[in-house]
Amino acid sequence: NYTDVSLQDGATGAAIKGNYIGVYADGSSIPASGSYYGIVLQTLPQANTGASSNTIGGLGANEGNVIAGHDTNEIWVQSDDQSFSDNNIIEGNIIGLDSTGTNPVTTQFTEGILITDSDGTLIQSNQLGGTHESDIHVIYDASSKKGSGTPRQPDGTIIRANTFNIDHTGGTAIGLPSITGDGVTLTGATH
């Protein structure tokens, strides 16, 4: 599969909560051949096809998702010069780890959460681990041009209260495979 969950074409107000995405029901094993992407909020080659004001996870009991085992990105929020995926919330998820939050599942050198040219994303209270190139990467991508406009720098991203490569108690480091990357990377992003 290309993507496990995709929101596009003006999708708004959706809530993706309490799912195992990329992992089996046991919360730890993954298919031999998984999808490239876990959840994608994306634009199409036409104007006004983004996905804004959606929520991935939650802070209540069992609202967070377990998202792991993908070959490219666990979560990708994408805008371009014609369409915008803005003001989305990513919170309370376990990303790149099993459902206990204590063992790495993702072994590809991928991105945990990738935000491309999208404004107002709130990323909070997630637990991230595995072998991500960056656990969270906010990027300005000049190559995301699909029309006559100019791609914009992502603005207003808030990243707070996330944990990186430690267990859910915040006290124990998680044993990682040999490839590790950055916790947060900002590339051409503002604010």
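User: Why is threonine 55 called buried?
Analyst: Its relative accessible area is 17%. Buried means under 20%, exposed means over 50%, and partly exposed is in between, using a 1.4 Å probe and protein chains only. Since 17% is under 20%, threonine 55 counts as buried. Bear in mind that this is a predicted model, where local features need pLDDT of at least 70, side-chain atom pairs count only at pLDDT 80 or more, and totals for chains, interfaces and linings use all residues. Residues are numbered from 1 along each chain as its sequence is written, and side-chain values use heavy atoms, with hydrogens and water left out.

User: What is threonine 55 in contact with, leaving aside neighbours within four places in sequence?
Analyst: Ala14, Ala15, Ile16, Lys17, Ile89 and Glu91. Contact here means heavy atoms within 4.5 Å. Threonine 55 itself belongs to strand β5, residues 55-57; strands are DSSP runs of E, at least two residues, numbered from the N terminus.

User: What makes asparagine 87 partly exposed?
Analyst: Asparagine 87 has 47% relative accessibility, so it falls in the partly exposed range. You'll find it in the loop between β7 (73-78) and β8 (89-91).

Key:
Helices (H or I, at least four residues) and strands (E, at least two) are DSSP runs, numbered from the N terminus.
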